[in-house]
Structure formats: structure tokens, C-alpha cells
Amino acid sequence: MAAPPEKTLKNLAGKWVMNKTLSDDTDRILQMQGVGWFLRRAIALATITLTITEYVKDDLTHIDITQVASPGGITTTENRVLDWEYHDHTDKIFGEVKGKSRWVKLSDVDDDDFLKKGWDDLEGEHVQGYVESNGGGWTADQVWGFELIDGKRYYVRHVVVRKGDDWKLARLVYDYQK
């Protein structure tokens, strides 16, 4: 189901399921991030569900995400603080990483136009996340927002992963499930 109008980046709470028909294939990105063939195949076949809790504490936005791949029950957790400070994280799929997140205007995103284009709100704030692998040699930069696709509004992430001189792009599209 498309995102209802009351869902915004300041109100993402709920369940979101990756729409694999509208999303780009992630196999090459996962391969670049060191994810093995078998796990990449399992992820490709699985339904990916994000359960998001969003709240403000000490004047900082927190976005806590539990991601489950079903069947298989592969579960990962991301707890993001939008303070643009590095936070260490151990991820079941990606290993040891450090990441930072913030509210950002698209004009302040220093990267490729891919991260800046296609959004239904080009002037407002978006969420930017940046992750560095500790030992894997890759980085991932992403911007979150909402896009109109075939006349319907969806929660979307634009992702750029780099490793050395190589880079891959993906647009991840999510259906709202309540």
C-alpha cells in the first residue's frame, strides 16, 4: 500500500515492506559490501519488513528500525540518532560499521545527483545516513524521503555504495503496512 498522507519523515512509525517490483536489484550492492552468495540469494527471495519507531529525546530525533527477512527470520536492528555524529554498530549482515545520520536539505547533500533527485519534496528536510565499514573497505550514503511513483506516494531510500573506485546505486521503495 502506498504511504498515507499523514506519514512523513517526522512520522515514519509503523511497518514498511520493501516493494521488490519498484525497488532496484540490490545483489551487486550486497556483493560489494562483502555479503556472500547464499545470503544474497536468501535476501533476494525474502520479504523485507521494517518496523520503525521514531521519537525525540533531548531535542534529537531517534529512528529505531528492526528489519526482518522472511522466511528465514534474519533480523537486524538499526538505532539512528540524527545528530551527524559517528555511532558504532555491529550488524549481523555487514559486520562492524560506524554510521551517522542527520536531517538535511537536498542542497546540502555533497554527493551524486542520484541522492538529490526524484523526491516529491525538493525543498524540505530529508534524512541522510552515512555508513563506513570497519574493515570491509566500503561506504554507503543514503537519503530518505517520499516519491510519487505511478501516481502513488511511497517511502523511498536512494543508496550509493562505494568501494575503491567502484560504486553502485539503488532506489529502495517501501509499501506501508501500518
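Trainee: Before I go on, what sort of model is it?
Mentor: It is a predicted model, in which local features need pLDDT of at least 70 and side-chain atom pairs count only at pLDDT 80 or more, while totals for chains, interfaces and linings use all residues. Residues are numbered from 1 along each chain as its sequence is written, and side-chain values use heavy atoms, with hydrogens and water left out.

Trainee: How many helices and strands are there?
Mentor: There are two helices and 10 strands. These are DSSP runs numbered from the N terminus: helices are H or I with at least four residues, strands are E with at least two. The order from the N terminus is β-α-α-β-β-β-β-β-β-β-β-β.

Trainee: And what share of the residues is buried?
Mentor: Buried residues make up 47% of the 178. Buried means under 20% relative accessible area, exposed over 50%, and partly exposed in between, with a 1.4 Å probe and protein chains only.

Trainee: Which residues have the most contacts inside the largest nonpolar core?
Mentor: They are L12, W16, I52, W144 and Y155, in a core of 34 residues. Such a core is a set of buried Ala, Val, Leu, Ile, Met, Phe, Trp, Tyr and Cys residues joined through side-chain atoms within 4.5 Å.

Trainee: What does W16 touch?
Mentor: Not counting residues up to four places away in sequence, W16 touches several residues, among them A3, I48, I52, F146, Y155 and Y176. Contact here means heavy atoms within 4.5 Å.

Trainee: Let me turn to the helices. Where is D27, and is it buried or exposed?
Mentor: D27 is in helix α1, residues 27–32. D27 counts as buried because its relative accessibility is 14%. Beyond its neighbours within four places in sequence, D27 is in contact with R40 and R41.

Trainee: Which element holds R40?
Mentor: R40 is found in helix α2, residues 37–45, and at 9% relative accessibility it counts as buried. Leaving aside neighbours within four places, the contacts of R40 are D27, L30, Q31 and V35.

Trainee: Now the backbone. Where is there a cis peptide bond?
Mentor: A cis bond joins S70 and P71, with omega about -5 degrees. P71 is in the loop between β3 (60–70) and β4. Most peptide bonds are trans, and most residues other than glycine have a negative phi.

Trainee: Which phi value does W84 have?
Mentor: Phi of W84 is near 60 degrees, a positive value in a residue other than glycine. W84 is in the loop between β4 (74–81) and β5 (87–91), and is partly exposed, with a relative accessible area of 27%. W84 and R102 are 18 residues apart in sequence and 5.1 Å apart in space, C-alpha to C-alpha.

Trainee: And D59, is it buried or exposed?
Mentor: D59 counts as exposed, at 76% relative accessibility. D59 is in the loop between β2 (47–57) and β3, and its phi is near 65 degrees, a positive value.
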